[in-house]
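Colleague: I'm new to reading protein models. Please pick one part of this one and take me through it slowly, starting with the whole and then zooming in.

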Amino acid sequence: MMYLRLFYEFFKTGLFAVGGGMATIPFLYEMADSTGWFTRQDLANMIAVGESTPGPIGVNMATYVGFITGMNAGGTPAALLGAVIATLGLIAPSVIIILIIAAVLKSFRNNRYVERAFYGLRPASTGLIAAAGISVVMSNLFFAGEGLSLAAVNWKGWILAVVLWLLTNVVKQTKKLHPIVFIGLSAAAGVLFSMG
């Protein structure tokens, strides 16, 4: 039953998250709240790891959630199966839609309604990606449940953000370094200063 729900939840996410992996993040926040498979802090950590590892972030996160859900349910074999099922659930809508579009592409190629529908999807996709970005910023720079106070400010997160901004935009010697250097430095700072 758990595997069926994993597939269903990620199928829904894959079906409605138009605009790529970052557009899945609002759906994943809702999934965290409704299923209890992972917390919002777990999601923030998944985003950080997913952004710094190869592959699409949505697929990385589906695989991770499936893995930890399976691990909690029955150990390593269940975890591997959960990872595969969640990943398949996420990519299945795209595969199905692409197959349907490929089958009828010639008849709809110059259809003005299809063009308008895709034009209308652009703002929705932009909104989902913006919501994901705001969620990531808020979860890393402020503590949830503290209200509007100085206690709500994650000072370590702010300091790291300012240092990274300075190193990537102001300091001439570090501006042209490869992004992997900053990812590694951020990971080291997170471990060293217990950020997360």
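Modeller: Happy to! We begin with a term: a helix here is a DSSP run (H or I) of at least four residues, a strand is a run (E) of at least two, and both are numbered from the N terminus. Read along the sequence, this protein follows the pattern α-α-α-α-α-α-α-α-α, which comes to nine helices and zero strands. Please keep in mind that the model is predicted. Its C-alpha atoms fill a box of roughly 55 × 45 × 35 Å along the principal axes, and 28% of the 196 residues count as buried. Among contacts with a separation of 6 or more, 55% join residues 24 or more positions apart.

Now let's zoom in on helix H3, which covers residues 40-52. H3 has 13 residues, and from its first C-alpha to its last it reaches 19 Å, close to the 18 Å expected at 1.5 Å a residue. Which residues of H3 are buried? They are Leu-43, Ala-44, Met-46, Ile-47 and Gly-50. Seen down the axis of H3, these buried residues fall within an arc of 160°, so they line one face of the helix.

Take H2 to start with. Helix H2 (residues 25-35) packs against H3 at an angle of about 150°, and the two axes are 9 Å apart. H2 passes H3 in a right-handed crossing. On the H2 side, the contact is made by Ile-25, Leu-28, Tyr-29 and Asp-33, while H3 brings Arg-40, Leu-43 and Ile-47. Sorted by class, that contact has five nonpolar and two charged residues, with no polar ones. Leu-43 and Ile-47 take part in this contact, and both are also on the buried list of H3.

H4 has 18 residues and reaches 26 Å from first C-alpha to last, close to the 26 Å expected. Its buried residues include Gly-58, Met-61, Val-65 and Thr-69. Why does Thr-69 count as buried? Its relative accessibility is 5%, and buried means under 20%. Leaving aside neighbours within four places in sequence, Thr-69 is in contact with Met-2, Leu-6 and Trp-37. H4 is followed by Gly-75, whose phi is positive, near 90°.

Definitions and conventions: Residues numbered from 1 in each chain as written. Predicted model: local features only at pLDDT ≥ 70, side-chain atom pairs only at ≥ 80, totals over all residues. Heavy atoms only, no water. Axes fitted to C-alpha atoms, helices over the stretch in contact; angles between N-to-C directions. Left-handed = near helix turned anticlockwise from the far one by under 90°. Contact = heavy atoms within 4.5 Å. Nonpolar A, V, L, I, M, F, W, Y, C, P; charged D, E, K, R; others polar. Expected span 1.5 Å × (residues − 1). Buried < 20%, exposed > 50% of the residue type's maximum accessible area, 1.4 Å probe, protein only. Arc of directions from axis to C-beta.
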